[in-house]
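Subject: Structure for you to look at

Hello,

Here is the structure I said I would pass on. Please open it beside this email and follow along; my notes are below it.

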Amino acid sequence: MAGFKTGLALGVIMTGGAALWALDKEGSEPIRFPTKSVYLASDYISVVGSIVGDEPQESERPVNNMVTMVCRAERMACDFTSINEVSPGYLGLPLTDTLAVRQWNDREMVADSLVAPGADGPCNYYEVRVIFEGEDVTYTRLPNPEADQDRCKEFYGDGKALRQWRIDDGKGSFDYEPGK
């Protein structure tokens, strides 16, 4: 009977240890957002994916996120929504923006978040470029020429005012390779 109790105790300990390991591993996994999807029509564009970068250090890349963008030619505007994983397993609030379409031709569509001239806006703005052939989507953060440059010096302290990333499969995707 003592052998049975010892075996049962060891089984409980091993099962508990395996369960704790699995929970810890699951807690450190990034949230799995949908993979990149691009739909193109002559007057409509839809993009879903994650903003990802190729910087060698993980801290230089965007956090795990998901973005959606819907653009309509008749409005010459895009509705842009993003949501970030703020810590393992937790999402921040969705952020929405309306981007002005600056260019829409047979080759590409370019939209940005630059506020109206003369407005003292944020230190940066972003541009999204959809290249129709190959369905490549770039996301570029640029310094805002209308912003108070003295106020923005702290923001650009690392000298990296311009960042170019892409909208693609994110960290939670099964085929994601860091830096690729």
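Predicted model: local features only at pLDDT ≥ 70, side-chain atom pairs only at ≥ 80, totals over all residues.

Two strands count as paired if DSSP finds at least two bridges between them.

**Strands β7, β8 and β9**

Glu108 lies in strand β7, which covers residues 108–112. Strands β7 and β8 run antiparallel and are joined by 5 bridges. On its other pairing, β8 meets strand β9 (residues 136–143), again in the antiparallel sense, over 8 bridges. In that pairing Asn124 stands opposite Pro143 in β9. Strands β8 and β9 form a hairpin with 4 residues between them. Look for Gly134 in the turn, where phi is positive, at about 90 degrees.

How many of the 8 residues of β8 are buried? The count is 6, so the strand is largely enclosed by the rest of the structure.

**Glu108**

Is Glu108 buried or exposed? Its relative accessibility is 6%, and buried means under 20%, so Glu108 counts as buried. Its side chain has a partner: a polar contact of 3.0 Å joins it to the side chain of Arg129. If you set aside the neighbours within four places in sequence, Glu108 is in contact with Gln103, Arg129, Val130, Ile131 and Phe132.

Strand β3 takes in residues 65–72. It is joined to strand β2 (residues 44–52) by 6 bridges, and the two run antiparallel. Here Tyr44 stands opposite Arg72 in β3. Strand β3 is also joined to β4, by 8 bridges and again antiparallel, with Thr68 opposite Thr81 in β4. The hairpin of β3 and β4 has 4 residues between the strands, and Met76 takes a positive phi near 50 degrees there.

In a regular strand the side chains alternate between the two faces of the sheet.

**Disulfides**

A disulfide is a covalent bond between the sulfur atoms of two cysteines. The search of the whole structure finds 2 disulfides.

One is formed by Cys71 and Cys78, with the sulfur atoms 2.0 Å apart. The angle about its S-S bond is 110 degrees, and the link is right-handed. Both Cys71 and Cys78 are buried.

The other is formed by Cys123 and Cys152, with the sulfur atoms 2.1 Å apart. This pair links distant parts of the chain, 29 residues apart: Cys123 is in the loop between β7 and β8, and Cys152 is in helix α2 (residues 149–152). The link of Cys123 and Cys152 is left-handed, with -90 degrees about the S-S bond. Cys123 counts as buried because its relative accessibility is 11%. Cys152 is buried too, with a relative accessible area of 1%.

If you number the bonded cysteines in sequence order, the pairing is 1-2, 3-4.

**Aromatic rings**

A pair of aromatic rings is described by the distance of the centres and the angle of the planes. The search of the whole structure finds 5 aromatic pairs. In one of them, Phe80 and Tyr126, the ring centres are 5.2 Å apart and the planes are at 50 degrees, so the pair is tilted. Which parts of the chain does this pair link? Phe80 is in strand β4 (residues 77–87) and Tyr126 is in strand β8 (residues 124–131), 46 residues apart. Both Phe80 and Tyr126 are buried. Together with Tyr139 and Trp165, they form one aromatic cluster.

**A glycine in a loop**

The last item is Gly92, found in the loop between β5 (90–91) and β6 (95–104). Leaving aside neighbours within four places in sequence, Gly92 is in contact with Ile83, Asn84 and Val86. The C-alpha atoms of Gly92 and Ser82 are separated by 9.5 Å, and these residues are 10 apart along the chain.

Regards

Notes
Residues numbered from 1 in each chain as written. Heavy atoms only, no water. Phe/Tyr/Trp six-rings, centres within 6.5 Å; stacked < 30°, edge-to-face > 60°. Buried < 20%, exposed > 50% of the residue type's maximum accessible area, 1.4 Å probe, protein only. Polar contact = N/O pair within 3.5 Å; in protein donor to acceptor, adjacent residues only side chain to side chain. Contact = heavy atoms within 4.5 Å. Disulfide = S-S within 2.5 Å.
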